[in-house]
Amino acid sequence: MTSNKINPEKWVGNYADYLYNYAVVRVSDAEIAKDLVQETFLAGLKSAINYQGIASERTWLIAILKRKVIDHYRKINSKKGKAEVRMNYSNQTDAEGDWLEEQVADPLSLLENDNIENEELGFAIQECIAQLPQKQSDVFTMKTIKGLSTEDICNELDINPSNLWVMIHRARTSLMGCLNENWFEL
Amino acid sequence: MMNCEEAAKVCNKLQYKEASLWEKIQLKFHLLICKACATFSKKNNRLTTLMDKAPLQCLSIQEKKIMEESLKTEP
């Protein structure tokens with residue numbers, strides 16, 4: 001019943017960005033997130049024999065990454081004295097003596113939901129980008145996520161501008177269709 | 001007059017703020033008379049808003065290359 005095959009050569013191309021985004025919102029540090037992704041790939045490679053093909057490759061890698069994130073927090077918390085909980089009720093000295101009630105989170109606030117929703121949106125977009133052909137997704141991520149200029153992309157990928165716009169157009173059209181299904185109506 | 005193909009291209013350029021003033025004016029006129037392009041433009045703008053809202057980041061091609069290399073040398 002091995003419906004899913006493991007294919008480590010394509011890991012970086014297919015999943016690096018997805019795992020990276022997953023990690024970066026959880027450790028909020030670009031360098032650490034990068035290291036965690038790298039460790040995940042290595043750990044995956046080592047235990048590739050245990051992969052039974054029941055879950056998809058990506059789910060399997062995410063599961064490993066989850067453990068890595070937990071390990072990371074264990075490591076930084078095991079240093080002496082870090083594990084204790086410290087609470088600063090107020091970090092402004094001039095606010096001393098003021099009522100603490102003023103600083104309590106607003107239970108009716110919807111701002112936190114926005115963050116969660118945006119993170120989910122990010123994963124939905126990422127899934128859609130992963131479905132694009134390699135060339136298109138390269139151009140689209142460079143242009144849209146990294147915000148590189150048209151000239152730079154053309155130089156790096158060795159294409160001409162009108163070529164680039166055609167690819168951007170195709171990528172955007174398929175993304176619109178894909179997000180229409182996986183996210184709310186566009 | 002601009003045709004639909006050109007309009008789509010300018011519309012895409014506009015998403016990255018790379019359309020010239022003259023192109024923008026032409027596009028506006030085209031959108032007034034062409035229903036299909038107006039819909040496309042609306043969806044396109046929405047996609048840009050969504051892309052801006054999502055906290056997406058990605059690794060550069062170089063960083064991925066380094067990762068790939070170290071994966072190959074590992075086993």
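Across the interface of chain A and chain B there is 1 salt bridge, a term for a side-chain nitrogen of Lys or Arg within 4 Å of a carboxyl oxygen of Asp or Glu. Its partners are Glu18(B) and Lys143(A), with N and O 2.5 Å apart. The model is predicted, so local features need pLDDT of at least 70 and side-chain atom pairs pLDDT 80 or more, while totals for chains, interfaces and linings use all residues. Residues are numbered from 1 along each chain as its sequence is written, chains are lettered from A and ligands numbered from 1 in the order in which they are written, and side-chain values use heavy atoms, with hydrogens and water left out.

The interface also holds 7 residue pairs in polar contact, both residues being at pLDDT 80 or more. A polar contact is a pair of N or O atoms within 3.5 Å; within protein, one must be able to donate a hydrogen and the other to accept it, and residues adjacent in sequence count only if both atoms are side-chain atoms. On the side of chain A that touches chain B, the largest share, 10 residues, comes from α7(A). Helices here are DSSP runs (H or I, at least four residues), numbered from the N terminus. By class, this side of chain A has 20 nonpolar, 12 polar and 10 charged residues. Ala, Val, Leu, Ile, Met, Phe, Trp, Tyr, Cys and Pro count as nonpolar, Asp, Glu, Lys and Arg as charged, and the others, Gly among them, as polar.

In total, 42 residues of chain A are in contact with 33 residues of chain B, where contact means heavy atoms within 4.5 Å. The area buried between the two chains is about 3,700 Å², and carbon and sulfur atoms give 69% of it. Buried area is the accessible area (1.4 Å probe) that two parts lose on being put together, summed over both.

Chain A itself is divided into domain 1 (8–78) and domain 2 (116–182), bounds that come from an automatic or database domain assignment. The C-alpha centres of these domains of chain A lie 23 Å apart. Between them, about 570 Å² is buried, with 52% from carbon and sulfur atoms. Tyr18(A), Asn21(A) and Arg58(A) supply 55% of the area that domain 1 of chain A buries against domain 2 of chain A, more than any other three residues.

The two domains of chain A are also joined by 2 salt bridges. Arg26(A) forms a salt bridge with Glu119(A), with the closest N and O atoms 3.6 Å apart. Helix α1 (residues 11–27) of chain A gives the largest share, 6 residues, of the side of domain 1 that touches domain 2.

Two single residues complete the tour. Glu57(A) lies in helix α3 (residues 57–78) of chain A. Is Glu57(A) buried or exposed? Glu57(A) is buried because its relative accessible area is 10%, and buried means under 20%, exposed over 50%, and partly exposed in between (1.4 Å probe, protein chains only). The side chain of Glu57(A) makes a polar contact of 2.8 Å with the side chain of Trp11(A).

Cys37(B) is found in helix α3 (residues 35–53) of chain B. With a relative accessible area of 11%, Cys37(B) is buried. Leaving aside neighbours within four places in sequence, Cys37(B) is in contact with Cys4(B), Ala7(B), His30(B) and Leu31(B).

Terms used:
Helices (H or I, at least four residues) and strands (E, at least two) are DSSP runs, numbered from the N terminus.
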